[in-house]
Amino acid sequence: MNTYFYHGNNIINKIKTNYGALENELEPFYTHCYQPFHTALMKIDGIEDASVCEKVRILNVYYNDVEEFERRYAIKSQSKFRSTILEEFNGYLFKDLPEIKELQLDFFNKGIYAGLKIDHRGQIAILTKDVDFCIGKRFVLTLDRQHLEVIIPLVAVEVKTYLDATMYNEVQYSMQTIKNATPNVRAYLLMERNEVKEDKIIASKADSPLDEIFVVRGRRDHEIDDKTVYQFYSEVCTTLRTNLKTGLKMPGRLFNP
């Protein structure tokens with residue numbers, strides 16, 4: 001499995017580049033806060049609701065450490081120090097699903113298949129989009145004697161610390177592009193907090209490329225809600241099983257069996 005430790009890698013890169021002249025502060029944070037967080041989540045291999053709730057409990061403890069560090073050293077949102085936490089947490093959440101191992105699926109956040117085009121040399125080129133978290137599989141296609149590497153998504157998730165109207169429009173466009181290329185992909189928006197007005201979300205629901213939106217924190221001072229995280233987890237589990245089922249059973253329902 002490709003490394004999905006986006007948050008951990010973000011901290012390591014900041015240490016290497018002495019981000020904000022904080023190398024001496026970031027190193028102990030990585031050792032004493034991030035590594036225990038990472039190790040504790042990697043040790044949980046259950047896929048039942050109790051395991052998901054325990055992962056959320058560990059996540060909430062880590063968020064407290066992060067917020068204290070952010071306040072003490074005035075870490076800016078542009079650093080992606082905080083935003084990568086929830087992105088990485090998706091990997092811990094889904095790493096032990098049987099479908100991931102059985103079908104050799106992987107986790108990605110860059111280069112997701114979004115279509116084909118003819119480039120300036122008259123050759124076939126792959127169009128790609130980046131998403132915050134994707135469950136999919138990498139393939140090598142041969143077209144007109146060209147070998148093209150593509151990442152086909154089954155689940156695509158945009159992850160936000162908070163969502164405003166501009167971000168919401170950008171997410172809709174990005175997910176529509178991916179769905180145009182891979183119609184059976186399921187698209188989700190996972191965020192800590194929502195700042196988009198209710199009427200805008202309701203108005204966009206009918207024709208949105210998003211299959212669902214999950215808000216896991218009411219306000220910034222609230223903890224991550226384990227029930228909402230479990231709903232998200234269950235939705236993605238169902239998506240994987242539904243998309244990978246073969247055959248129709250008759251007599252019976254065909255659209256929503």
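Author: On a 1 Å grid over the protein atoms alone, a pocket is an open set of points with protein on both sides within 12 Å along at least five of seven lines, a cavity is a set where a 1.4 Å probe fits but cannot get out, and lining residues have an atom within 4 Å of a point. This is a predicted model, in which local features need pLDDT of at least 70 and side-chain atom pairs count only at pLDDT 80 or more, while totals for chains, interfaces and linings use all residues. Residues are numbered from 1 along each chain as its sequence is written, and side-chain values use heavy atoms, with hydrogens and water left out.

Reader: ok, which residues lie nearest the centre of the largest pocket?

Author: S77, K80, S83, T84 and E87, out of 28 lining residues. The volume of that pocket is about 690 Å³, counted as the space filled by probe spheres set on grid points, which are joined across faces, edges and corners.

Reader: which elements supply at least two residues of that lining?

Author: α1 (6–16), α4 and β5 (146–163) each do. The names come from DSSP runs numbered from the N terminus, helices being H or I of at least four residues and strands E of at least two.

Reader: and how does the lining of the largest pocket split by class?

Author: Into 11 charged, 10 polar and seven nonpolar residues. Asp, Glu, Lys and Arg count as charged, Ala, Val, Leu, Ile, Met, Phe, Trp, Tyr, Cys and Pro as nonpolar, and the others, Gly among them, as polar.

Reader: you listed K80. where is K80 found?

Author: In the loop between α3 and α4. K80 also has a positive phi of about 60°, although it is not a glycine.

Reader: what about D144, what is its phi near?

Author: Near 50°, again a positive value in a residue other than glycine. D144 sits in the loop between β4 (133–143) and β5. Most residues other than glycine have a negative phi.

Reader: new topic. how many cavities of 30 Å³ or more does the count come to?

Author: One. The space in the largest cavity is about 60 Å³.

Reader: what lines the largest cavity?

Author: L59, L86, F89, N90, L93, L190, V216, I224, V229 and F232 do. Two or more of these residues come from each of α4 (83–94) and α8 (226–243). α4 gives the most, with four residues. By class the lining has nine nonpolar, one polar and no charged residues.

Reader: at what angle do α3 and α4 pack?

Author: About 155°, with the axes of α3 (residues 49–73) and α4 11 Å apart. Axes are lines fitted to C-alpha atoms, for helices over the stretch in contact, and angles run from 0 to 180 degrees between N-to-C directions. The pair is therefore roughly antiparallel, as angles over 145 degrees count as that, under 35 as roughly parallel, 65 to 115 as roughly perpendicular and the rest as oblique.

Reader: which residues of α3 and α4 meet?

Author: V52, K55, V56, L59, Y62, Y63 and V66 in α3 meet I85, L86, F89, Y92 and L93 in α4, where contact means heavy atoms within 4.5 Å. These residues divide into 11 nonpolar, no polar and one charged.

Reader: and how far apart are the axes of α3 and α8?

Author: They are 9 Å apart, and the helices pack at about 125°. α3 and α8 are therefore oblique to each other. D49, V52, C53 and V56 of α3 make the contact with D226, V229, Y230 and Y233 of α8. That contact has six nonpolar, no polar and two charged residues.
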